[in-house]
Amino acid sequence: MGRLTEALRARFGDGIVDAHDRSGDETVLVMREKAPELFRFLRDDPEMAFDFLIDLTAVDYLGKAPRFEVVCHLFSLSKGHRLRIKIPVPEDDCWTHSLTPLWKSANWLEREAFDMFGIRFEGHPDLRRILMYPEFEGYPLRKDYPHNRRQPIIPERDPVENPWPARGLGPAR
Amino acid sequence: MTLAARKPDAPVTDPIHEIMELQMGPSHPASHGTIKFNLKLDGETIVDCDVEIGYLHRGFEKMCEQGTWNHVFPYADRLNYASPLINNVGFALTAEKLAGIEAPERAQWIRMLTSEISRITDHLTCLGMAGMEVGAFTVGLYTNEAREYLYDLVEAVTGARLTVSYCRLGGVINDLPAHFADVLADRFAKIRAVLADCDKLLTRNRIFVDRMSGVGRMSGRDAISYGVTGPLLRATGVGYDVRKQSPYLFYDQVDFEVPVGTQGDNYDRFLVRFHEMEQSMRIAEQCLAKMPPGPVMISDSRFALPPKHDVYNSIEGLMNHFKIVMEGVRVPPGEAYQAVEGANGELGFYLVSDGSGRPYRVRVRPPCFFGMAALGDVLKGLMVADIVTTFGMVNMIGGECDR
């Protein structure tokens with residue numbers, strides 16, 4: 001078990017659900033309730049000093065409970081170490097805490113995870129779709145979303161609500 | 001740019017003090033890439049900027065889950081299409097980490113060499129276009145000429161200029177062609193001459209410096225919080241380079257420097273990229289010198305296609321070939337993250353395998369996504385014309401940012 005994992009286990013005890021370092025990546029699975037405290041510790045503790053939230057994404061383990069995992073990759077420039085934190089998220093209670101108060105990069109990353117998986121990030125200042133358009137139905141990276149599904153054609157937006165209508169293009173096809 | 005139409009019942013205010021809303025994009029001649037800036041302007045000063053991405057979303061991650069592991073390589077080419085070989089290498093390294101295999105030594109040197117060639121083509125694209133956008137049209141043509149020299153090299157190695165699909169799990173598809181070293185030396189000499197010309201045309205050019213210097217400043221602290229890496233981060237003075245910090249391949253065995261800036265403005269970003277090209281050429285030359293002869297693909301029959309002779313003449317070879325092509329190579333269950341230094345920063349792949357022949361989850365950490373996330377803040381307080389230069393220096397590649 002890695003050095004970082006041991007330090008986290010000593011401090012958070014039962015909050016750490018699981019840990020491994022297969023393929024050489026230290027990984028810690030943490031309970032959702034403990035996650036904000038843990039991330040703050042990881043960023044502010046001088047021994048941890050994780051100044052980069054390198055990546056945040058999710059994985060859909062359809063058929064397992066809990067269904068989703070939010071996966072964060074952290075990197076410390078001064079210490080040179082990396083850590084992966086995973087938060088299990090159940091399907092019927094699909095949310096986790098936002099990391100936007102800690103890292104600015106969390107803003108767009110969480111928007112993307114919301115867009116693709118429908119996981120809500122509590123405390124996010126501006127949680128809306130980022131790669132897809134607002135009218136998009138469903139969450140494309142969920143495993144029960146077929147890759148060849150067609151989306152309905154969306155109606156033209158109200159020119160008063162949205163003052164840039166398409167002009168001179170003829171009827172929409 | 002489209003002017004905002006006033007709502008019919010909106011109160012008439014003094015236009016001088018009015019905040020004007022302007023949508024720049026998604027298809028604007030100065031923004032190479034489909035991107036939309038929702039601007040709030042006070043005169044020509046940007047009060048607020050909401051950056052809208054996603055116009056080039058093709059469902060890369062979803063499509064990668066539909067095919068076998070080796071089917072991902074053609075998709076990976078189409079991420080950052082200005083430096084496709086780095087994407088290939090990044091995915092190959094991550095998948096190999098997960099599978100617990102290692103490419104032969106020669107293949108690893110070739111991957112390094114081709115990555116550096118790709119880095120130069122990417123920087124040439126970025127800098128040439130940056131010059132062009134502020135009126136230095138000549139530079140754009142010069143850098144395109146230099147890029148052609150490199151595309152010839154890429155074509156000689158991979159058979160394609162852009163959509164290379166050169167790597168496989170366990171190696172690369174072909175060895176370097178004969179006389180590659182001579183051609184490379186010739187091409188690098190030509191590129192150095194072109195770069196010297198561009199240096200004279202741009203680096204002390206009054207117009208160029210005025211447009212770039214002091215514009216689009218970002219502090220190192222902000223850049224780190226935004227997760228910005230690569231030339232954008234190094235321009236702020238933070239010397240983070242994946243090749244130095246967590247070396248992959250044989251980057252710890254070659255001698256190169258990481259240029260860093262001081263101001264974090266557009267001019268520093270330009271300089272960092274400019275000097276990186278020389279360093280990349282140094283690395284490429286060292287790769288060629290240090291490269292040992294040998295195979296470029298592992299011989300493990302679970303991952304490598306058997307030789308054609310065996311496929312046509314033995315049932316074992318035929319079966320082996322059929323299994324790999326139809327079912328795909330099998331990667332043991334697990335997860336892995338591996339970062340490589342892309343042309344725009346840390347290009348990371350996070351892969352999850354369920355033990356079958358298809359990836360369960362393919363996640364890319366696109367470096368320019370983070371630069372774009374920071375761009376809205378960087379642009380605040382600047383002029384409309386500064387969007388062009390700042391956006392140019394972020395070097396968003398739509399295919400990578402939107403996937």
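In the predicted model described here, strand E1(A) is joined by four bridges to strand E2 (residues 27-30) of chain A, and the two strands run antiparallel. Within this pair, His20(A) has Thr27(A) of E2(A) as its bridge partner. Both strands belong to an open sheet of five strands in chain A, arranged in the order E1-E2-E5-E4-E3 with mixed pairing. The edges of this sheet are formed by strand E1 (16-20) and by E3 of chain A, each of which pairs on one side only. Averaged over the sheet and with direction ignored, neighbouring strands are turned by 20° against each other.

Helix H3(A) lies across E3 and E4 of chain A, and its direction is at about 5° to that of E3(A).

In chain B, strand pairing begins with strand E2 (residues 19-24) and strand E3 (residues 36-42), which pair in the antiparallel sense over six bridges, with Met20(B) standing opposite Leu41(B) in E3(B). E3(B) also pairs with strand E4 (residues 45-52) of chain B, again in the antiparallel sense, over seven bridges, and here Lys36(B) has Glu52(B) of E4(B) as its bridge partner. The hairpin of E3(B) and E4(B) has two residues between the strands, and in this hairpin Gly43(B) takes a positive phi near 65°.

An open sheet of three strands is also present in chain B, in the order E7-E8-E9 and with antiparallel pairing. Strand E7 (334-342) and strand E9 (359-365) of chain B stand at its edges with a single partner strand each, so one side of each of them is left without a neighbour in the sheet. From one strand to the next, the twist of this sheet averages 15°. Strand E8 (residues 345-353) of chain B is joined to E9(B) by six bridges, the two strands running antiparallel, and Val352(B) stands opposite Arg361(B) in E9(B). Helix H3 (residues 84-99) of chain B lies across E7 and E8 of chain B and runs at about 150° to E7(B).

Helix packing in chain B was examined for two pairs that share H15(B). In the pair formed by helix H14 (residues 367-379) and helix H15 (residues 384-394) of chain B, the helices pack at an angle of about 155°, with their axes 10 Å apart. This angle makes H14(B) roughly antiparallel to H15(B), because angles over 145 degrees are counted in that class. The crossing of H14(B) and H15(B) is right-handed. On the side of H14(B), the contact is made by Cys368(B), Gly371(B), Met372(B), Leu375(B), Val378(B) and Leu379(B), and on the side of H15(B) by Ile387(B), Thr390(B), Phe391(B) and Val394(B). The contact of H14(B) with H15(B) comprises eight nonpolar and two polar residues, with no charged residues.

In the second pair, helix H4 (residues 105-133) of chain B packs with H15(B) at an angle of about 175°, and the axes are 9 Å apart. H4(B) is therefore likewise roughly antiparallel to H15(B). In this packing, Met129(B), Ala130(B) and Glu133(B) of H4(B) meet Val388(B), Thr389(B), Gly392(B) and Met393(B) of H15(B). By class, the contact of H4(B) with H15(B) has four nonpolar, two polar and one charged residues.

Methods: Residues numbered from 1 in each chain as written. Chains lettered and ligands numbered in written order. Predicted model: local features only at pLDDT ≥ 70, side-chain atom pairs only at ≥ 80, totals over all residues. Axes fitted to C-alpha atoms, helices over the stretch in contact; angles between N-to-C directions. Parallel < 35°, antiparallel > 145°, perpendicular 65-115°, else oblique. Left-handed = near helix turned anticlockwise from the far one by under 90°. Contact = placed C-beta atoms within 7 Å. Nonpolar A, V, L, I, M, F, W, Y, C, P; charged D, E, K, R; others polar. Pairing = 2+ DSSP bridges.
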